[in-house]
Amino acid sequence: MSRPTRRQVLHGSAAALAGAALAAPAAFADTPAARPTHGHGHAPGAGRFGDHEMPEPFDEMYQGRHIEGWPAQAGGARDGGHQNHGGQAEHHLGQGDPHEGMDFVVRIDNDDLHVMRNADGTWISLVNHYETFTTPRALARAAVRQLQGADLVPVVTS
C-alpha cells in the first residue's frame, strides 16, 4: 500500500479546514447565543456590525487585480446593490442569494472571497485564515499578495 504524498495530505488538510470554517457559523447560527436579546443589537441596515461600524465599500485595482467589497444587504439586490460584474448572476442561477448570512462581500476579479468578522472587529478570510486585518480592504489586498497571481477558487458548500 502506498503512502499519501505531501501534496495529498496538504490538500486534505486544507479541505478539512475550509469545511470546519464554513460549518461553524452555520452550526452557531440557530443557537440562543447567536440571537440578540431584546434591546441589544441593531436593526438591519443600521450601518453597524455588533459594536463595530460597518466598513466602507471599496472598488479598486490592486497589483493588477480588481478588488471590491460592500456591505451585504439582507433581502436586497443579488449583488448587494451593485451591478452584475462578469456574469455573476448566471453563476448563481437556481441558487439562493450567494451572500446570504454574510455581512460584507469581498471579491477578487469577480470571484467571492469568503470573509469573516471576529468578535474584536478584525477580519479574516479563507486565504489568510490565521492573520487578522482591520478592514476588508486590507484583507483583500493581503489575499491578492498571498495568491501571487493564482485564481481564487470558489468555495463549494453543497
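Student: Let's start with Asp109. What is its relative accessible area?
Tutor: The model is a predicted one, and in it Asp109 has a relative accessible area of 32%, so it's partly exposed.

Student: And which side chain does Asp109 meet in a salt bridge?
Tutor: That's Arg65, with an N to O distance of 2.5 Å. Asp109 sits in the loop between S5 and S6 while Arg65 is in strand S4, so this pair ties together parts 44 residues apart in sequence.

Student: Arg65, buried or exposed?
Tutor: Buried, because its relative accessibility is 8% and the cut-off for buried is under 20%.

Student: OK, how many salt bridges does the count come to?
Tutor: Four. One of them joins Arg107 and Asp112, whose closest N and O atoms are 2.8 Å apart.

Student: How accessible are those two, Arg107 and Asp112?
Tutor: Arg107 is at 0% relative accessibility, so it counts as buried. Asp112 is at 22%, which makes it partly exposed.

Student: What links up with Glu60?
Tutor: Glu60 is in a salt-bridge network with Arg137 and Arg141. For Arg137 and Glu60, the closest N and O atoms are 2.4 Å apart. Arg137 belongs to helix H3 and Glu60 to strand S3, so that contact ties together parts 77 residues apart in sequence. As for accessibility, Glu60 counts as buried at 16%, whereas Arg137 is partly exposed at 28%.

Student: Switching topic: what's the strand order in the open sheet?
Tutor: S3-S4-S5-S6, four strands with antiparallel pairing. The edges are S3 (58–62) and S6 (111–113), each pairing on one side only. On average, neighbouring strands are turned by 25° against each other, ignoring direction.

Student: How many bridges join S5 to S6?
Tutor: Three, and the two strands run antiparallel. As an example, Val106 has Leu113 in S6 as its bridge partner.

Student: What else does Val106 touch?
Tutor: Leaving out residues up to four places away in sequence, its contacts include Phe58, Glu68, Gly69, Val115, Pro136 and Ala140. Val106 is also in the largest nonpolar core, which has 18 residues; there Val106, Ile67, Ile108 and Leu113 touch the most other members.

Student: Which elements give two or more residues to that core?
Tutor: S3, S5 and H3. The largest share is from H3, with six residues.

Student: Where does H3 lie, then?
Tutor: H3 (residues 136–147) lies across S3, S4, S5 and S6, and runs at about 25° to S3. Its buried residues are Pro136, Leu139, Ala140, Ala142, Ala143, Val144 and Leu147.

Student: Last one: which residue follows H3, and what's its phi?
Tutor: Gln148, with a positive phi near 50°. Gln148 isn't glycine, and at 71% relative accessibility it counts as exposed. Asn110 has a positive phi too, near 70°, and sits in the loop between S5 and S6.

Definitions and conventions
Residues are numbered from 1 along each chain as its sequence is written. This is a predicted model: local features need pLDDT of at least 70, side-chain atom pairs count only at pLDDT 80 or more; totals for chains, interfaces and linings use all residues. Side-chain values use heavy atoms; hydrogens and water are left out. Two strands pair if DSSP finds at least two bridges between them. Axes are lines fitted to C-alpha atoms, for helices over the stretch in contact, and angles run from 0 to 180 degrees between N-to-C directions. Contact means heavy atoms within 4.5 Å. Buried means under 20% relative accessible area, exposed over 50%, partly exposed in between (1.4 Å probe, protein chains only). A nonpolar core is a set of buried Ala, Val, Leu, Ile, Met, Phe, Trp, Tyr and Cys residues joined through side-chain atoms within 4.5 Å.
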